[in-house]
Amino acid sequence: MQAKHNGATRFATAGLTQIVLAGYTLLALFPIALIIINSLKSRAGIFDDPLALPNSETFSLIGFEKVLHSSHFTLYFGNSLIVTITSLVLILLFGAMAAWALAEYRFKGSRILALFFAFGIMVPIRLGTVSILKLMVSLQLVNTLTALVLVYVAQGLPLAIMILSEFMQQIPKELKEAARCDGVGEFKIFFQVVLPLIRPAVATVAVFTMVPIWNDLWFPLILAPGDDTKTVTLGVQQFIGQYVTNWNAVLASLTLAVLPVLIMYVFFSRQLIRGITAGAVK
Amino acid sequence: MKRTFPWHIAVFLAPAFVIYAVFSAFPLIDTLRLSFFTTSDSGAQSWAGLLNYHTLLGDPNWSEGFWNAMRNNVKFFLIHMCIQNPLGLLLAALMSTKGVKFAKAYQTAIFLPTLLSVVIIGFIWQLILSPLWGVSEKMLGWVHLQDFFAPWLGQEETALYTLSLMSVWQFVGIPMMLIYAALIAIPDEIIEAAYVEGASAWRIFWTIRVPLILPTLGLTTILTFVGNFNAFDLIYSVKGALAGPNFSTDILGTYFYRAFFGYQSQIGSPTMGAAVATMMFLVILGGVAVYFYFIQRKLQRFSF
């Protein structure tokens with residue numbers, strides 16, 4: 001190595017890199033930590049010293065009691081879970097089927113069809129909200145979870161089809177040909193040969209589709225604002241609007257909304273990040 | 001030989017096609033169509049030609065709000081372009097440097113806010129910036145900047161910038177990840193060859209690595225553009241549908257919501273809502289078209 005890359009400079013560069021990265025990491029985590037810490041304190045504790053950890057004097061779960069008593073938090077949580085998981089399963093199944101048709105078979109109009117689906121990646125489905133609401137009213141689906149699932153499946157399909165068909169093109173020809181020579185039907189090939197092979201791509205698609213669905217405020221607000229069909233995001237938004245001055249309750253409801261995502265992330269962050277990086281390189 | 005109709009292809013395509021066509025493509029086209037109709041007080045809709053657009057762009061009651069929302073949205077986008085994406089590039093560049101310790105841990109932590117709902121992030125920052133709680137003021141006091149503190153979210157001049165920075169804070173993980181993935185995909189030999197030639201790390205970054213990841217930078221630009229001109233949740237949860245103070249944080253998403261559902265004395269109108277949505281559609285389509293026809297094409301010419 002040259003003289004200008006001597007040990008001292010390299011050490012200084014590495015140090016500076018660490019300072020910048022650690023500093024920004026602190027900035028990214030601090031607000032979330034602050035909310036969780038203060039949700040475990042009494043009102044006095046929250047205001048006297050916001051930056052202190054809860055101690056025997058300031059520890060209190062009064063906020064959580066308030067949230068769980070005066071809102072249907074568990075119901076909202078269940079709604080979000082149902083909507084997200086149902087949408088995800090349908091997106092993956094229908095997306096994989098369509099991706100297979102587009103990647104494997106040559107037929108008239110396949111290019112146009114691929115373009116038709118690709119259009120949905122760039123143009124947000126929200127712009128069609130006026131007609132979606134009209135449609136849901138005429139189908140009598142307003143204030144049902146079905147309405148949300150249908151919209152989210154339509155929203156998630158384009159990207160899922162793109163990523164999955166990219167992946168399916170890499171499946172070795174021999175595998176399919178061998179199956180066809182043995183007289184295996186096209187459906188059997190898809191479900192028994194292709195689907196098991198695309199498992200790694202599923203993680204990527206899951207990340208890109210699940211997070212926006214779980215976090216969405218727009219469609220729950222417009223299509224399913226009823227008390228029985230609220231999702232967690234909408235429920236928290238309205239709960240906080242109602243209890244602005246009750247700091248314990250506000251902090252507790254935010255913590256309850258953050259924790260499930262945080263716990264999931266602790267378990268799946270490695271797969272998730274690998275999925276994003278793999279998907280991005282394509 | 002006569003070929004039989006390929007039933008299996010139709011069966012594979014049908015579910016995705018039907019759901020996507022009925023709940024995404026059709027509503028979009030139907031919204032464009034509705035923007036040429038008008039709603040009477042009884043709710044009946046009749047053909048009106050370009051009347052809605054005439055109202056939206058010509059009637060001061062509408063056009064002032066519309067152009068205000070458009071201006072704010074452009075500012076919102078520019079702040080993301082000037083801060084979020086360069087910051088993402090910086091973090092990604094530092095993380096992808098050889099031998100950096102804890103790179104994966106930093107990456108995991110910085111990406112976390114992206115996964116949380118915009119609603120949650122909005123409320124969290126609202127609390128932290130609240131003068132009532134005083135956390136920000138206290139922390140600014142540590143560096144003797146407490147006099148600089150102001151209720152940023154409540155002031156007309158600063159509210160939009162504050163909200164934009166909150167959004168930047170949340171979403172910087174996305175450009176960071178995309179750029180990081182592109183940077184580590186660059187073959188090591190290219191970088192090593194440049195080192196041997198005696199190029200400095202700084203020069204290698206700007207003359208070799210950045211040009212090689214231009215397609216990714218283009219992609220982050222268009223993703224930011226579409227996301228920003230479609231934003232709604234953050235402003236709505238922090239500032240409500242009225243996007244106060246005095247509409248200073250109003251963007252196209254909140255303006256669309258008010259046109260559609262009404263507010264205060266103004267009655268909501270699906271057809272005016274459709275007209276606003278169509279304008280947003282044109283803005284987004286314009287951005288996407290620019291991306292594909294100019295940036296994408298040019299970049300490919302450079303990279304081969």
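Setting aside residues within four places in sequence, A:L157 is in contact with A:I91, A:F94, A:G95, A:F117, A:G120, B:A16, B:I19 and B:Y20; contact here means that the C-beta atoms of two residues, placed from the backbone, lie within 7 Å. The model is predicted: local features need pLDDT of at least 70 and side-chain atom pairs count only at pLDDT 80 or more, while totals for chains, interfaces and linings use all residues. Residues are numbered from 1 along each chain as its sequence is written, and chains are lettered from A and ligands numbered from 1 in the order in which they are written.

A:L157 also belongs to the largest nonpolar core, which has 158 residues; A:V151, A:L157 and A:L164 touch the most other members. Such a core is a set of buried Ala, Val, Leu, Ile, Met, Phe, Trp, Tyr and Cys residues joined through C-beta atoms within 7 Å. Buried means that 20 or more other C-beta atoms lie within 10 Å of a residue's own, exposed that 12 or fewer do, and partly exposed covers the range in between. Helix α7 (residues 145–168) of chain A supplies the largest share of this core, 18 residues. Helices are DSSP runs of H or I with at least four residues, strands are runs of E with at least two, and both are numbered from the N terminus. Domain 1 (3–60) and domain 2 (69–281) of chain A each give at least three residues to this core, with bounds that come from an automatic or database domain assignment.

Chain A as a whole has 13 helices and zero strands. Its radius of gyration, taken over C-alpha atoms, is 25 Å, whereas a compact globule of 282 residues would be near 19 Å by the rule of 2.2 Å times the number of residues to the power 0.38. The C-alpha trace of chain A spans about 75 × 75 × 35 Å along its principal axes. Of the 282 residues of chain A, 42% count as buried.

The contact between the chains takes 64 residues from chain A and 64 residues from chain B. On the side of chain B that touches chain A, α1(B) gives the most, with 16 residues. By class, this side has 50 nonpolar, 11 polar and three charged residues; Ala, Val, Leu, Ile, Met, Phe, Trp, Tyr, Cys and Pro count as nonpolar, Asp, Glu, Lys and Arg as charged, and the others, Gly among them, as polar.

Within chain B, B:F229 is in the loop between α11 (214–228) and α12 (233–239). B:F229 counts as buried because it has 22 C-beta neighbours inside 10 Å. Beyond four places in sequence, the residues that B:F229 touches include B:N73, B:F77 and B:L252.
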